[in-house]
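Have a look at the sequence and structure first, then read on.

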Amino acid sequence: MAANGAECEQPQKRLGPKDKQNGSSTDSSLRERKQLDREERLSLVLWKRPFITLQYFFLETVITLKEWTWKLWQRRGVVFLTVVLFSLFSLAYSIEGAHQEYVQHLEKKFLWCAYWVGLGILSSVGLGTGLHTFLLYLGPHIASVTLAAYECGSVNFPEPPYPAQIVCPEDEALQESISLWTIMSKVRLEACMWGAGTAIGELPPYFMARAARMSGADPDDEDYEEFEEMLEHSQSAQDFASRAKLAVQNMVQKVGFFGILACASIPNPLFDLAGITCGHFLIPFWTFFGATLIGKAIIKMHIQKLFVIITFSKHIVEQMVSLIGVIPGVGASLQKPFREYLEAQRTKLHNPAGDGAAAGESWLSWVFEKVVLVMVCYFILSIINSMAQSYAKRLQQKKYSEEKTK
């Protein structure tokens with residue numbers, strides 16, 4: 001019987017390597033197929049395949065709206081409470097009385113905070129575009145406040161028109177000594193709201209990775225697939241990018257709260273990996289979000305804010321304009337429009353709203369407006385392309401599931 005048992009075991013041992021080879025070849029062919037499908041999806045852009053891209057975009061929009069509607073219906077209690085609170089606020093807003101002053105103040109602050117939180121979320125999520133709203137909106141706002149503070153000798157700009165337009169206060173008694181702390185305090189609210197928005201924008205990778213790990217399902221996300229491949233080949237990583245990603249992953253995994261805080265407190269293009277890592281290793285939500293919020297909305301924002309304020313301080317700006325004139329050949333021609341722009345801004349600061357608007361215009365402001373317009377248009381195009389590619393991925397996933405059931 002022992003001999004018979006040995007004879008029965010021998011065929012099973014011979015089949016093992018073949019099964020592994022078949023499995024590896026199947027995995028290899030599946031990986032190649034997914035790579036081809038990924039390349040096909042990435043080719044789905046407006047400037048290459050406009051009609052099919054727009055069609056997929058509208059279909060994905062309909063599906064997304066249906067999903068959001070279903071999620072809102074599942075949380076209809078919260079939705080109902082929100083509607084009631086909004087109705088009460090609308091009622092208080094429409095009824096005349098002494099409370100109108102407080103209601104309008106609350107409305108103004110809420111819209112101002114929501115504006116910067118929204119820009120922060122756009123900067124963090126970006127939908128694959130890298131739209132950095134700090135460079136487009138918050139940075140220029142801080143720079144404008146800094147230049148105005150040194151020119152006016154005060155940060156008590158009249159409201160309105162501030163923050164839509166900065167005008168120096170007419171009362172000379174309001175002038176004060178300008179310091180870094182004074183300017184930082186003036187722009188602290190919008191800077192912290194923008195930082196909070198960037199922290200909120202880091203939540204989708206965390207929730208996606210956490211849900212995939214807890215369910216054990218195959219994740220429907222390319223970044224997460226790359227993360228798992230990186231973990232599998234962590235010992236053989238040679239290039240700098242892979243080692244940097246592994247360093248971030250190890251810091252977050254081993255150090256925990258303070259590792260996440262360190263990664264969030266400095267400009268870090270790999271922080272998306274920190275969110276995926278925290279979700280994959282089931283780090284508690286408040287540990288991840290608390291460290292991210294403190295790092296981005298407080299520590300990192302004060303570093304960035306301080307850098308912009310120092311860069312646009314009055315003496316630094318004057319030195320930079322003087323250095324432009326030193327450039328051989330074109331220095332004088334480049335220096336002239338910068339001086340005209342700064343002089344126009346100074347003139348505008350001492351005029352009431354609507355006066356001398358034409359004097360403040362120059363080719364520098366025109367170029368900046370066009371750059372912002374181009375980047376916003378590219379952002380919108382990227383949203384369309386991204387949603388069309390998401391719908392194409394739905395079709396491919398449906399095809400895979402149908403093949404498995406056969």
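**Salt bridges in the predicted model**

Glu159 is partly exposed, with a relative accessibility of 46%; buried means under 20% relative accessible area, exposed over 50%, and partly exposed in between (1.4 Å probe, protein chains only). This is a predicted model, in which local features need pLDDT of at least 70 and side-chain atom pairs count only at pLDDT 80 or more, while totals for chains, interfaces and linings use all residues. Residues are numbered from 1 along each chain as its sequence is written, and side-chain values use heavy atoms, with hydrogens and water left out.

**The Lys108 pair**

- Glu159 forms a salt bridge with Lys108, with 3.0 Å between the closest N and O atoms; the term means a side-chain nitrogen of Lys or Arg within 4 Å of a carboxyl oxygen of Asp or Glu.
- Lys108 lies in helix H4 (residues 100-125) and Glu159 in the loop between helix H5 (133-152) and helix H6 (180-186), so the pair ties together parts 51 residues apart in sequence; helices (H or I, at least four residues) are DSSP runs, numbered from the N terminus.
- Lys108 is partly exposed, at 39% relative accessibility.

**The Arg394 network**

- Salt bridges link Glu60, Glu67 and Arg394 in a network.
- Arg394 meets Glu60 at 2.8 Å, N to O.
- Arg394 sits in helix H16 (residues 363-405) and Glu60 in helix H2 (residues 50-74), so this pair ties together parts 334 residues apart in sequence.
- Arg394 also meets Glu67, at 3.2 Å, N to O.
- Glu60 is buried at 5% relative accessibility, whereas Glu67 is partly exposed at 33%.

**Whole structure**

- A search of the whole structure finds four salt bridges.

Definitions and conventions:
Helices (H or I, at least four residues) and strands (E, at least two) are DSSP runs, numbered from the N terminus.
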